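Me: I have a structure open here and would like to talk it through with you. Could you take a look at it with me?

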Amino acid sequence: MSGKEILRKPEWLKIKLNTNEEYRDLKKLMREKNLHTVCEEARCPNIHECWGERRTATMMILGSVCTRACRFCAVKTGLPTELDLEEPERVADSVKIMNLKHVVITMVARDDLKDGGAGIMAETIRAIRRKSPQTSIEVLPSDLGGKEENLQILMEARPDILNHNIETVRRLTPRVRARATYDRSLEFLRRAKEMQPDIPTKSSLMIGLGETWDEILEVMDDLRANNVDIMTIGQYLQPTKKHLPVKKYYTPLEFGKLRKIAMEKGFKHCEAGPLVRSSYHADEQVNEATKTRQLQAEM
């Protein structure tokens, strides 16, 4: 295959659109509260299922402009605006209005900030806890500049799940990711578990960028060696012509095999499929302690 030849999307990647009232209401709320979602900014293929059927969303804080230019990501790159100190309260208000059982809070990389944005993310967790104690909270931060003190700020707020994406295999990391490194991400996940051993850690891998099967299994082994509990595996989809091309479309059968292997390697939970993304069905992955807390808050 020539370098310019574009692979055709297979049938199993066709997306069901659902612009029902639930979807429209959620979109209206995001605009009214001046909030960003990674669902929209990163062009997630599951937005219609999550917004229109499950009524869940992944909030993206610290603005919509990222300081990194990863070659797989559709989020805008540039110089971010000033810090919005009222954002945590607006996010918490929205979570309460939506009556969410589980919320994922992600962020753009903010290498311009000393704490990498950890303080605002931690305050967002605390604001949601105050206003919606029954809601479980998953956070999906950047590597926060690789600084342990920044991670400590975040972990002291005690999210229910700490999610940080490895994104791709070791060999492809320099080409795919900007500034982030494979080993720094593994260290980030390991330190998070050391700081709060009872909080589940999670990471996501996108495939179809030219990795080998053995390299995928190597990522699984590296994540397990750093005590990662949950893994998601999804198909990379090229967001624009400026981004990296798709080298291979994996079949649903191949994803099924990968999920089976991941569970055999000791992950507590694994979501694997062509349209799976990092926060896909995240509400199903909280641990039993969190579910007990939710029940107590609802009583």
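Me: Let's start with the largest cavity: by class, how many residues of its lining are nonpolar, polar or charged?
Reply: Bearing in mind that this is a predicted model, the lining of the largest cavity is made up of six charged residues, two nonpolar ones and one polar one.

Me: OK, and which residues line the largest cavity?
Reply: The lining consists of Asp143, Gly146, Lys147, Glu148 and Leu151, together with Arg184, Glu187, Phe188 and Arg191. Helix α8 (182-195) and helix α6 (148-155) each supply at least two of the lining residues, and the largest share, four residues, comes from α8.

Me: What volume does the largest cavity have?
Reply: Its volume is about 50 Å³, and the count of cavities of 30 Å³ or more comes to one.

Me: Changing topic, which residues have the most contacts inside the largest nonpolar core?
Reply: Those are Ile105, Leu162, Met220 and Leu223, in a core of 64 residues. Helix α5 (residues 118-131) contributes the largest share of this core, seven residues. As general background, nonpolar side chains tend to be buried together in soluble globular proteins.

Me: And what does Ile105 touch, not counting residues up to four places away in sequence?
Reply: On that basis Ile105 touches Met59, Ile61, Val91, Met121, Thr124, Ile128, Ile137, Glu138, Val139 and Leu140.

Me: One more spot: where is Asp84, in terms of the elements on either side?
Reply: Asp84 sits in the loop between β4 (76-77) and α4 (87-98). The C-alpha atom of Asp84 is separated by 8.1 Å from that of Gly63, although the two residues are 21 apart along the chain.

Me: Why does Asp84 count as partly exposed?
Reply: Asp84 counts as partly exposed because its relative accessibility is 28%, and that class runs between the 20% and 50% cut-offs.

Me: Which polar partners does its side chain have?
Reply: The side chains of Asp84 and Arg90 are joined by a polar contact of 2.8 Å, while a polar atom of the Asp84 side chain lies 3.1 Å from the backbone nitrogen of Glu86. Leaving aside neighbours within four places in sequence, Asp84 is in contact with Ile120 as well as Arg90.

Note on methods: Residues numbered from 1 in each chain as written. Predicted model: local features only at pLDDT ≥ 70, side-chain atom pairs only at ≥ 80, totals over all residues. Heavy atoms only, no water. Core = buried A, V, L, I, M, F, W, Y, C linked by side-chain atoms within 4.5 Å. Buried < 20%, exposed > 50% of the residue type's maximum accessible area, 1.4 Å probe, protein only. Contact = heavy atoms within 4.5 Å. 1 Å grid on protein atoms, 1.4 Å probe; cavity = no way out; pocket = protein on both sides within 12 Å on 5 of 7 lines; lining within 4 Å. Points joined across faces, edges and corners; volume = space filled by probe spheres on them. Nonpolar A, V, L, I, M, F, W, Y, C, P; charged D, E, K, R; others polar. Polar contact = N/O pair within 3.5 Å; in protein donor to acceptor, adjacent residues only side chain to side chain.
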